[in-house]
Amino acid sequence: LLLLLEATLLQLVISSHHPFYNGFYYNHIMNDMGNGQDKVDYFNGARLVVETSKDPVYSYGGANVTLPCHYHYEPDLGDKRKIRIKWSKLRDDYTKEQDVMVAIGKTYVAFGDFKGRAHIHKTSQHEASLVISDVRLKDDGKYRCEVIDGLEDESDVVDLRLQGIVFPYQPPRGQYRLNFHEAEQVCQDQGAILANFNQLFQAWSEGLDWCNAGWLADGTVQYPIRVPRKPCGGVHLAPGIRSYGPRHRHLHRFDAFCFSSALRGEVFYLDHLDGMSLEEAKQSCQDAGAEIARVGHLYSAWKFLGLDRCNAGWLADGSVRYPIVKPRPNCGPAEPGVRSFGFPSKGRFGVFCYKER
């Protein structure tokens, strides 16, 4: 019975993949008028209206979030009708959808990464809100709430945005060494994902200025410029996001722009009197019941937790960095930021550790 129900719900996903808007119920009757023309008879009924939040819904990694969606009829039909609800995740260009879940009454099936994390929240008769638990970085994006009642099929879109930070990333072997798939992997290795354009634009509006081009999640290569200058598109171009457009995902090589969300834990600093090698640093974090922090952890702690430390420390990728919230003498440039010493093959430093709460 369970398999039959899941197959039925899956068929609903497939059959309702392309929503349409018809305004009112209609009865399409083709009558032969005897003159080669057909007559179409219509009648007005109740119009189904679906509404979601017009403002973005903000959340962060590891949290639970509710995407609001309500529906009603004009005029009101009074008694509750048996309807079907479908939620899908959209690409930014609306060309493709990822099935999230479908529901009939109190029965629902979630799909893919949303299994066990998504369900319908109903506090009122005409509510179809989606609850996503343990929010993940790739959950960021647009979602379609679709309500199906017989021939009526209406939908609206809500935007889920994760609070986070974009940071540029180069691997130890140097600038412009990553194809698209390698860029995806290095971001994952640093507790992050490839940033999308909206996230990069938000970072640019908050002050990110970076002259090296990097991959974004849609396969384009772009970079944010706040202060126009000759090596970065020229002094006569206005500030903005410079774009190389889509690049070949296997052949072309650039840096990466990674996106990391707020943390579910804490980043802390450890040091020994004479410093530590990278291996000693990893062991020190383990001895403290933690792991050596990744680059995404450090950036998130700097932005969201105000981590400010003028001591350089090892990170998991073999780089040495330190976060500065309040610039001061002997702590680098006059602007806040995460400073980098690169990937030293020798040297003894402290270490930044990460421990989940």
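Me: Start with Tyr 73. Buried or exposed?
Reply: Tyr 73 is buried, at a relative accessible area of 5%. Buried means under 20%, exposed over 50% and partly exposed in between, with a 1.4 Å probe and protein chains only. Keep in mind that this is a predicted model: local features need pLDDT of at least 70, side-chain atom pairs count only at pLDDT 80 or more, and totals for chains, interfaces and linings use all residues. Residues are numbered from 1 along each chain as its sequence is written, and side-chain values use heavy atoms, with hydrogens and water left out.

Me: How many aromatic pairs are in the whole structure?
Reply: The search finds 15. Rings of Phe, Tyr and Trp (its six-membered ring) pair if their centres lie within 6.5 Å; planes under 30 degrees apart are stacked, over 60 edge-to-face, the rest tilted.

Me: What does Tyr 71 form with Tyr 73?
Reply: An edge-to-face aromatic pair, 6.4 Å centre to centre, with 90 degrees between the planes. Tyr 71 is buried too, with a relative accessible area of 3%.

Me: And why is the pair of Tyr 322 and Phe 341 edge-to-face?
Reply: Because the planes are at 80 degrees; the ring centres are 5.8 Å apart. This pair links distant parts of the chain. Tyr 322 is in strand S23 and Phe 341 in the loop between S24 and S25, 19 residues apart. Strands (E, at least two residues) and helices (H or I, at least four) are DSSP runs, numbered from the N terminus.

Me: Which rings make up the cluster?
Reply: Tyr 176, Phe 180, Trp 215, Tyr 223, Tyr 244 and Phe 254, linked by ring pairs.

Me: What lies over the face of Phe 180?
Reply: Arg 249, at 4.3 Å from the ring centre. Arg 226 lies over the face of Trp 204, at 5.4 Å from the ring centre. The test is NZ of Lys or CZ of Arg within 6 Å of the ring centre and within 35 degrees of the ring normal.

Me: Switching to helices. Where is Gly 296?
Reply: In helix H5, residues 295–304. Gly 296 is buried, with a relative accessible area of 0%.

Me: What does Gly 296 touch?
Reply: Phe 167, Gln 190 and Ser 260, not counting residues up to four places away in sequence. Contact means heavy atoms within 4.5 Å. Gly 191 is 105 residues from Gly 296 in sequence, yet the two are 5.3 Å apart, C-alpha to C-alpha.

Me: How many residues of H5 are buried?
Reply: Eight of its 10, so call H5 mostly covered. Among them are His 297, Leu 298, Tyr 299 and Trp 302.

Me: What covers the buried residues of H5?
Reply: The cover includes strands S14 (164–169), S19 (255–261) and S23 (320–324).

Me: What follows H5?
Reply: Gly 306, with a positive phi near 70 degrees.

Me: Last topic, sheets. What is the order in the open sheet of three strands?
Reply: S5-S11-S10, with antiparallel pairing. Strands S5 (65–67) and S10 (118–121) are the edges, each pairing on one side only. Two strands pair if DSSP finds at least two bridges between them.

Me: How many bridges join S5 to S11?
Reply: Three, and the two strands run antiparallel. Thr 66 has Val 131 as its bridge partner in S11.
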